[in-house]
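My entries follow in the order in which I made them.

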Amino acid sequence: MPRRSLILGCGGYLPARIVTNAELASRVDTSDEWIVERSGIHQRHIAADHEKTSDLALAAAQAALAHAGIEVSAVDAVLVATATPDHTFPATAARVQAGLGMTRGFAFDLQAVCSGFLYALTMADSLIRSGQIRTAVVIGAETFSRILDWSERSTCVLFGDGAGAVVLGATEGEGTIADRGILSTHLHSDGRYHDLLYVDGGPSSAPTVGHLRMEGREVFRHAVVNLAQVGHEALTTHGLSAADLDWIVPHQANRRIIEGTARKLGVSLDRVVITVGEHANTSAASVPLALSQAVHDGRIQPGQLVLLEAMGGGFTWGSALVRI
Ligand code: ACO
């Protein structure tokens, strides 16, 4: 019997400290009106000085495992998608593995910036389908506050910290579009666009961690086109149309990108999970955080068809079609 993977549970973690637009406006030349109008963001959560990406990731993983009702002893792999690891090495995932009290299996990080969770989900789904593992914890976790230039108003207002996680488990069966589970994933990258969104530091290029740099208008233009394309790709793979979707859970970069993509896909906004107002852009954490919020508040129900999509630095972009 072929194997497929199911999302067994999900969870999220947001640092306690909330930074409002008004607080930012007291530090840089910006305003609540500008930020809300251009991005839809009202506030963001920022990690405490002692909190590292692994701490956020561990909290989200524990919440997802509790929701799934899965014991740590059953977990075969921990995947962490992050662009803000605790250290250059070892992987943040290894810290999470130790934090969970897990002494078997394996743990590793993936780096695809804001698309990282889609990449990690694809990897875990492939490991399950190939029979190498049965259960994985897939996490997106970021502390972007550590790589922002807090004097640069065009970027520092857009991002926040957080973590989201899902537990993936194996099931046996052919799988049809009516069955629960991950139906397909679709990944893309185009490295020619490196300079439109990058961090000007890192171990092999500079003696510093660096700061995020972005050509916002260009990123915006590419984001709507690429996200609509990869959404269509997921639907056409299964002969489905936008009307078949119950929900889109998009990467939460900017409300206008989310609205533009939904419009291109032909999905009304009441079927789109939007958390960017409260979370801002948490990069790899944004999709699993939004998914977790909508599952736990009852919007997304078991058996519903959900399109996950994201785009980020690289450029990278991807989607996953999932029946929850
Ligand atoms: N407050 C007040 N004014 C500002 C601010 C700010 N925080 N930031 C920039 N401005 C000013 C600019 O200096 C510019 O002034 P000027 O006309 O006098 O030169 C003016 O506002 C307009 O700036 P633009 O960059 O043209 O504004 P735009 O409407 O494009 O909005 C934004 C900027 C919000 C960054 C938008 O381009 C965007 O969201 N881009 C996508 C970026 C993104 O989401 N990246 C996340 C990572 S990638 C991803 O996740 C998909």
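Which elements give two or more residues to the shell around the ligand? I noted α2 (32-39), α6 (153-156), α7 (216-237) and α8 (255-265). The most comes from α7, with four residues. Helices (H or I, at least four residues) and strands (E, at least two) are DSSP runs, numbered from the N terminus.

For the record, this is a predicted model, in which local features need pLDDT of at least 70 and side-chain atom pairs count only at pLDDT 80 or more, while totals for chains, interfaces and linings use all residues. Residues are numbered from 1 along each chain as its sequence is written, and side-chain values use heavy atoms, with hydrogens and water left out.

**Shell and contacts**

I listed 23 residues around the ligand, the closest being Thr 30, Arg 38, Arg 217, His 251 and Asn 254. A residue is near a molecule if one of its heavy atoms lies within 4 Å of it. By class, I have 12 nonpolar, six polar and five charged residues in the shell. Ala, Val, Leu, Ile, Met, Phe, Trp, Tyr, Cys and Pro count as nonpolar, Asp, Glu, Lys and Arg as charged, and the others, Gly among them, as polar.

How far do polar side-chain atoms lie from an oxygen atom of the ligand? For Arg 217 I read 2.2 Å, for His 251 2.8 Å, and for Trp 34 3.3 Å. The protein buries 76% of the 1,000 Å² that the ligand exposes when taken alone. Accessible areas come from the Shrake-Rupley method with a 1.4 Å probe.

**Cis peptide bonds**

I checked omega next. The bond from Phe 89 to Pro 90 is cis, with omega near 0 degrees, and Pro 90 is in the loop between β4 (77-81) and α4 (92-100). Gly 314 and Phe 315 are also joined by a cis peptide bond, with omega about -10 degrees. Phe 315 lies in the loop between β12 (305-312) and β13 (316-323).

**Positive phi**

Val 113, in the loop between β5 (106-110) and α5 (116-129), has a positive phi near 50 degrees. Ala 280 has a positive phi too, near 60 degrees, and is placed in the loop between α9 (276-279) and α10.

Is Ala 280 buried or exposed? Ala 280 counts as buried because its relative accessibility is 0%; buried means under 20%, exposed over 50%, and partly exposed in between (1.4 Å probe, protein chains only). Ala 294, in helix α10 (residues 286-296), counts as buried at 0%. Its C-alpha atom is 18 Å from that of Glu 259, 35 residues apart along the chain.

Ala 48 is in the loop between β3 (43-46) and α3 (53-68). At 27% relative accessibility I put Ala 48 down as partly exposed. The C-alpha atoms of Ala 48 and Val 157 are separated by 18 Å, with the two residues 109 apart along the chain.

Note on methods. A polar contact is a pair of N or O atoms within 3.5 Å; within protein, one must be able to donate a hydrogen and the other to accept it, and residues adjacent in sequence count only if both atoms are side-chain atoms.
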